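Dear colleague,

Please find below the structure for your attention. My notes on it follow directly after.

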Amino acid sequence: MIYVLASAICSVLVSVLLKLARRFGLDIGQMVAWNYAAAVALAALLLQPSLAPLQQPGAPWFALIGLGVLLPTIFLALGVSVRHAGIVRSDAAQRLSLLLSLLAAFLLFGEKLDATKALGCALGLLALLGMVWRSGQGRGEGGAAPWLWPLLVFAGFGAIDVLFKRVAAAGVPLGTSLAAMFALALPVAFVLAMWRAMHGARFSLRNALGGLLLGLFNFGNILFYLRAHRALPQHPALVFASMNLGVVVLGALAGVLLFRERLSRTNLAGLLLALLAIALLAWA
């Protein structure tokens, strides 16, 4: 389980870096771009993927290109969400996006819906509402941003997971698909960064270093998660549940203890429902 803990810590550190970016004058767009440069290099070095599956007939290029576009754009949305809504809400929204992938599994991949999964989905939706709910006093703080950006993160990561399932269903090995996604995301991320640079965010060594560190944590999250599955091949649900629960709990601790994020009783109830929903869906 040490790999699960390491993966969860890396995932939360990504959110922490995004939270600190503005404080240290870093541009998130450039950080995301350099993050994918690091991810491509690390994937090639550590996973040593074969490109042969991508040259076969029926290679899922549509899904891979979709991922190449969505990954950097939703990463940017995550950065804005962390800034406006906080680490607690953003990490919970990201993890609850599994509800959309489950919905796709029922509608697109022929999976059967049972009572436990239905209850988990219902609790997950209630959890999402509770996490983004703003009290009457807090609604004027930041306008719609504190609830709109977590919802965008929820929808975006759900779409990413659905596309990733499409790639997996086509038989593309995980290392190959990750390398391809990162390579396709890299030019998209730099185009977005250059667009931001035209509007005042200049390229700098500081942004590059921050982005490479972000890429190290982002790739570490994936690498340790893969190693956790290899270490516990007979218990995929345990790895899945531990990872998602760990990120939500560690994200909540980081947000509340390090950044003094304030949560209402409704938000706390939503957080507890999120933990229960993830546990139920993993058990199902």
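S7 is located in helix 1 (residues 2-21); helices here are DSSP runs of H or I with at least four residues, numbered from the N terminus. This is a predicted model, in which local features need pLDDT of at least 70 and side-chain atom pairs count only at pLDDT 80 or more, while totals for chains, interfaces and linings use all residues. Residues are numbered from 1 along each chain as its sequence is written, and side-chain values use heavy atoms, with hydrogens and water left out.

S7 has a relative accessible area of 0% and is therefore buried (buried means under 20% relative accessible area, exposed over 50%, and partly exposed in between, with a 1.4 Å probe and protein chains only). Apart from neighbours within four places in sequence, S7 is in contact with N221, F224, Y225 and M243, where contact means heavy atoms within 4.5 Å.

Helix 2 has 20 residues, which should span 28 Å at 1.5 Å a residue, and this agrees with the 27 Å between its end C-alpha atoms; the expected span is 1.5 Å times one less than the number of residues. The buried residues of helix 2 include I28, M31, Y36 and A43. Among the elements that cover the buried residues of helix 2 are helix 1, helix 3, helix 8 and helix 9.

Just after helix 2, Q48 adopts a positive phi of about 45°, although Q48 is not a glycine. Q48 belongs to the loop between helix 2 (28-47) and helix 3 (61-85) and counts as exposed, at 64% relative accessibility. R260, also a residue other than glycine, has a positive phi near 55°. R260 lies in the loop between helix 10 (236-259) and helix 11 (265-283) and is exposed, with a relative accessible area of 63%.

The axes of helix 8 (residues 174-197) and helix 9 (residues 205-231) come within 13 Å and cross at roughly 170°. Axes are lines fitted to C-alpha atoms, for helices over the stretch in contact, and angles run from 0 to 180 degrees between N-to-C directions. Helix 8 and helix 9 are therefore roughly antiparallel, a term used for angles over 145 degrees. L174, L178 and F182 of helix 8 make the contact with F219, I222 and L226 of helix 9.

Yours sincerely

Methods: Helix = DSSP H or I, 4+ residues; strand = E, 2+ residues; numbered from the N terminus. Parallel < 35°, antiparallel > 145°, perpendicular 65-115°, else oblique.
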